[in-house]
Amino acid sequence: MYFINHEQIDQRIQFLDCLSETCKQLEEQWQHGESTLILQMAQERVLHLAIETVTDVGSLLIDAFILRDASSYEDIVEIVHGEGAYSETLTETLLELVKLRKPLVQEYVSWNREQLNPLIPRLPAAFQEFAVHVKAFIKKEME
């Protein structure tokens, strides 16, 4: 029998709703010509939290189902995808997201913060799909 930390997974999946709403607000304000420093920094934080949330859920799934150890953030996404947890399209979006981690946390001085990151408008739908697929994956694995 597997031990799945449902509480932590559920908390993180619910947190994706907050990030989705923030992405929508950022996109809307950017479309209205606003690109203030506070919005630029908010965008960076949303992207960073999105990366951490998605990889936290992935790590919890890896731990719960005793999948092979991940060697990187990208590997977390690929391992869970390899087990059939989510689609190829979603995997591509998640990989694009997690590849932003290094620039966000190590190359932040040179980060291009004046443009809306192209992932921001795509993340709300990706988060919704992620939540549905993760829940379905857990249910399937528990049968």
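**Helix packing and the nonpolar core**

Helices H2 and H4 pack with their axes 9 Å apart and at an angle of about 125°, where axes are lines fitted to C-alpha atoms, for helices over the stretch in contact, and angles run from 0 to 180 degrees between N-to-C directions. H2 and H4 are therefore oblique to each other, given that angles under 35 degrees count as roughly parallel, over 145 as roughly antiparallel, 65 to 115 as roughly perpendicular and the rest as oblique. The structure is a predicted model, in which local features need pLDDT of at least 70 and side-chain atom pairs count only at pLDDT 80 or more, while totals for chains, interfaces and linings use all residues. Residues are numbered from 1 along each chain as its sequence is written, and side-chain values use heavy atoms, with hydrogens and water left out. Helices (H or I, at least four residues) are DSSP runs, numbered from the N terminus.

H2 passes H4 in a left-handed crossing, a term used if the near helix is turned anticlockwise from the far one by less than a right angle. In this pair, Leu47, Ala50, Ile51, Val54 and Thr55 of H2 meet Leu94, Leu97 and Val98 of H4, contact being defined as heavy atoms within 4.5 Å. By class, the contact of H2 with H4 has seven nonpolar residues, one polar residue and no charged residues; Ala, Val, Leu, Ile, Met, Phe, Trp, Tyr, Cys and Pro count as nonpolar, Asp, Glu, Lys and Arg as charged, and the others, Gly among them, as polar.

Helix H4 spans residues 88–98, and its buried residues are Leu90, Thr91, Thr93, Leu94, Leu95, Leu97 and Val98, where buried means under 20% relative accessible area, exposed over 50%, and partly exposed in between (1.4 Å probe, protein chains only). These buried residues of H4 pack against helix H2 (37–64), helix H3 (73–82), helix H5 (101–106) and helix H6 (123–142). The axes of H4 and H6 come within 10 Å and cross at roughly 120°, which makes H4 oblique to H6. The crossing of H4 and H6 is left-handed, and Leu90, Thr93, Leu94 and Leu97 in H4 meet Leu123, Ala126, Glu129 and Phe130 in H6.

Phe130 lies in helix H6 and is buried, with a relative accessible area of 1%. Leaving aside neighbours within four places in sequence, Phe130 is in contact with Leu16, Val54, Val57, Tyr86, Leu90 and Leu94. The C-alpha atoms of Phe130 and Tyr86 are separated by 7.0 Å, although the two residues are 44 residues apart along the chain.

In the largest nonpolar core, which has 45 residues, Phe130 joins Ile9, Leu47 and Leu61 in touching the most other members; such a core is a set of buried Ala, Val, Leu, Ile, Met, Phe, Trp, Tyr and Cys residues joined through side-chain atoms within 4.5 Å. Helix H1 (6–31), H2, H3, H4 and H6 each supply at least two residues of this core, and the largest share, 11 residues, comes from H2.

The axes of H1 and H2 come within 10 Å and cross at roughly 155°, which makes H1 roughly antiparallel to H2. H1 passes H2 in a left-handed crossing, and by class the contact of H1 with H2 has 15 nonpolar, six polar and two charged residues. Also in helix H1 is His6, which counts as partly exposed at 39% relative accessibility.
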